[in-house]
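Try each task before reading its solution.

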Amino acid sequence: MNRRGVSCLINGNSDIDVVNSSTFCDGRLLQINIIVDDQAITIFNVYSPCNSSERKYFFTDLQERIAKTTNQVIIGGDFNTVLNTYLDKYPPTTYPDQSRKPLNDLMLTEKLTDIWRHRNDDVIAFTRSRIANNVRSASRIDRFLLSNSLILNVSHCNIFNYPFSDHDIITLRLNLSLFPRGSGVWIFNNQLLEDDDFCLETGEVIRSMKMHTDFETNFLEWYDNLKGKIKYQSIKFSKRKQRKQRKVKRILEKKIMYEKYKAQKFCDYNFTRLQNLEDELKNIVSKEVKGAALRAKIQWFEEGERPTRLFLNLEKSRQKVKVMKSLLKDDGTVVTDRENYYA
């Protein structure tokens, strides 16, 4: 298969300063040098070849590129191989993989750590699973490797089930900032108006506020206080609802992991329950995706298009076309400046 290609998305509102980026190995390797909180970090996004011999040279090339940088390093992506054939693969196998040694050498020489395995010594979990010819197989081929000096900065590294792909999601969060962020700008989520419990609570807030004397004597000040109360109640309700939804999602993910374990252990396992649980998770994730899309749309509406270099260059080229650089006079002569026009 010739499928390849990697990308890295960076929040435009973040404090990350992208120094430069380059792609290598026919699009299988992306290198980005960034500076965040005065720390220089090199990020490699990888999609290793499926063929073990090609993968061997891929890891060798990757090590050479890591050796050229003095920055701290984070490598993330699909490595297409496991480091432990008993913990990271089902069914466990001892098949030879000539690319495994170059990967281990890379980690040892460049002082890199598989952070998820570092925090989960004997835990069996997988990031890719599939069923072929009624035989289920699974492996942990997606991972983050990072410089040992960054281990203490890691807040968490987790694997989450993602129902829209045969690969699960692996997340890594690092705390590199010396200064905590503020709460940011709050925008009311009008989808809360479709929630009956929210409407009931908001009605109680309005009724209780009507008991204040300002409602009759100073309505404008009362109205400002009411908006503040509704904002506080909306944030509190949203957080409570999110906690409840996250709890449901966590329970659902645990059930899916347990069902996957049963599917791997028993040959006659009925996949109906697993499929139903994955469908439930898919519905939750779909709602989260819609929410993210709505927030992005609101942000675009609030901020609009930024004056990037691309748009500035486009506008400059348009202005060049519109500007008259010469004029043809009645006597047939062409002038290109004002002095010659009046001559």
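Contact here means heavy atoms within 4.5 Å. The model is predicted, so to speak of local features needs pLDDT of at least 70, side-chain atom pairs count only at pLDDT 80 or more, and totals for chains, interfaces and linings use all residues. Residues are numbered from 1 along each chain as its sequence is written, and side-chain values use heavy atoms, with hydrogens and water left out.

**Exercise 1.** Describe the surroundings of Asp 88.

Start with its place: Asp 88 sits in the loop joining strand S4 (72-78) to strand S5 (89-90); strands are DSSP runs of E, at least two residues, numbered from the N terminus. Next, accessibility: Asp 88 counts as buried because its relative accessibility is 1%, where buried means under 20% relative accessible area with a 1.4 Å probe, protein chains only. Then list its contacts beyond four places in sequence, among them Val 82, Phe 126 and Arg 140. Arg 117 is another of these contacts, and the side chains of Asp 88 and Arg 117 make a polar contact at 2.6 Å.

**Exercise 2.** Work out how strand S8 (residues 135-139) pairs with S5 and with strand S7 (residues 128-132).

Take S5 to begin with: S5 and S8 run antiparallel over 2 bridges, with Tyr 90 opposite Ala 138. Now turn to S7, which pairs with S8 in the antiparallel sense over 5 bridges; here Ile 131 faces Arg 136. Finally, look at the turn: S7 and S8 form a hairpin with 2 residues between them, and Asn 133 there has a positive phi of about 55°. Pairing requires at least two DSSP bridges between the strands.

Notes. Helix = DSSP H or I, 4+ residues; strand = E, 2+ residues; numbered from the N terminus. Buried < 20%, exposed > 50% of the residue type's maximum accessible area, 1.4 Å probe, protein only. Polar contact = N/O pair within 3.5 Å; in protein donor to acceptor, adjacent residues only side chain to side chain.
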